[in-house]
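Welcome! Please take a moment to look over the sequence and the 3D structure before reading on. The briefing below then walks through them topic by topic.

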Amino acid sequence: KLLLFAHHIRVMDQLQATAGEALGDAEACVRLDGTSDGPAKNALIDRFRSERRVLVALVSTTACGAGVNGFQTVADQAFFCELPQDQGWKGQGEGRLPRS
């Protein structure tokens with residue numbers, strides 16, 4: 001499973017469309033951004049963790065970098081598609097990554 005971190009809405013829109021197209025299933029990618037409230041975020045994280053068909057979590061670095069857990073035990077890889085200007089947000093995103 002893959003975590004994709006991005007910052008801008010247009011970049012996230014394109015990544016979501018590309019991931020769905022590449023995987024042949026729009027539902028194989030969940031998106032967590034500023035429009036997702038707490039319960040919605042938790043439901044999306046649960047889908048990423050438990051559903052085999054959900055292979056990608058597209059994560060807004062600023063909306064889900066801090067205080068969001070659940071990715072560490074299931075994500076095999078992560079990629080920062082773009083970095084926010086505040087490097088503190090990058091550090092928060094890195095905190096969501098798998099730990100060994």
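Which residue forms a salt bridge with D25? The partner is R53, and the closest N and O atoms of the two side chains are 3.0 Å apart. Keep in mind that this is a predicted model. The protein chain has 100 residues, and 40% of them count as buried.

**The overall plan**

- You can find four helices and four strands in the protein chain.
- Along the sequence they follow the pattern β-α-β-α-β-α-β-α.
- Among the contacts with a separation of 6 or more, 71% come from residues 24 or more positions apart.

**The sheet**

- The four strands make an open sheet with parallel pairing, in the order β2-β3-β1-β4.
- β2 (29–32) and β4 are the edge strands, since each of them pairs on one side only.
- From one strand to the next, the twist averages 15 degrees.
- Five bridges hold β1 and β3 together in the parallel sense, and one of the pairs is F5 with its partner V59 in β3.
- β2 and β3 also run parallel and are joined by four bridges; here V30 stands opposite A57 in β3.

**A closer look at β3**

- How many of the five residues of β3 are buried? Five of the five are, and the strand is described as mostly covered.
- In a regular strand, side chains alternate between the two faces of the sheet.
- You can follow this in β3, where V56, L58 and S60 point one way while A57 and V59 point the other way.
- Residues on both sides of β3 are buried: V56, L58 and S60 as well as A57 and V59.

**Helices on the sheet**

- Helix α1 (residues 9–23) lies across β1, β2 and β3 (56–60), and runs at about 165 degrees to β2.
- Helix α2 (residues 38–50) packs on the sheet too, where it touches β1, β2 and β3. The direction of α2 makes about 150 degrees with that of β2.

**Salt bridges**

- Side chains of opposite charge can pair when their charged atoms come close.
- The structure holds five such salt bridges, and three of them are described here, starting with the pair from the opening question.
- D25 and R53 form a salt bridge. This pair links distant parts of the chain: D25 sits in the loop between α1 and β2, R53 sits in the loop between α2 and β3, and the two are 28 residues apart.
- D25 has a relative accessible area of 23%, so it counts as partly exposed; R53 is partly exposed as well, at 44%.
- R31 and D13 meet in another salt bridge, with 2.7 Å from N to O. It too links distant parts of the chain, as R31 belongs to strand β2 and D13 to helix α1, 18 residues apart.
- Are these two partners buried or exposed? R31 counts as buried because its relative accessibility is 15%, whereas D13 is partly exposed at 38%.
- R47 and E51 also meet through their side chains, at 3.2 Å from N to O. Both partners are partly exposed: R47 has a relative accessible area of 21%, and E51 has 28%.
- Salt bridges with shared partners join D13, R31 and D33 into one network.

**E82, a charged residue without a salt bridge**

- Where does E82 lie? Look in the loop between β4 (77–80) and α4 (87–94).
- E82 is buried but has no salt bridge.
- The nearest side chain of opposite charge belongs to R31, which is 9.3 Å away, while a salt bridge needs the nitrogen and oxygen within 4 Å.
- What lies 2.7 Å from a polar atom of the E82 side chain? It is the backbone nitrogen of H7.
- Leaving aside residues up to four places away in sequence, E82 touches F5, A6, H7, H8 and V11.

Methods:
Residues numbered from 1 in each chain as written. Predicted model: local features only at pLDDT ≥ 70, side-chain atom pairs only at ≥ 80, totals over all residues. Heavy atoms only, no water. Buried < 20%, exposed > 50% of the residue type's maximum accessible area, 1.4 Å probe, protein only. Lys, Arg positive; Asp, Glu negative; His and termini not counted. Polar contact = N/O pair within 3.5 Å; in protein donor to acceptor, adjacent residues only side chain to side chain. Contact = heavy atoms within 4.5 Å. Pairing = 2+ DSSP bridges. Axes fitted to C-alpha atoms, helices over the stretch in contact; angles between N-to-C directions.
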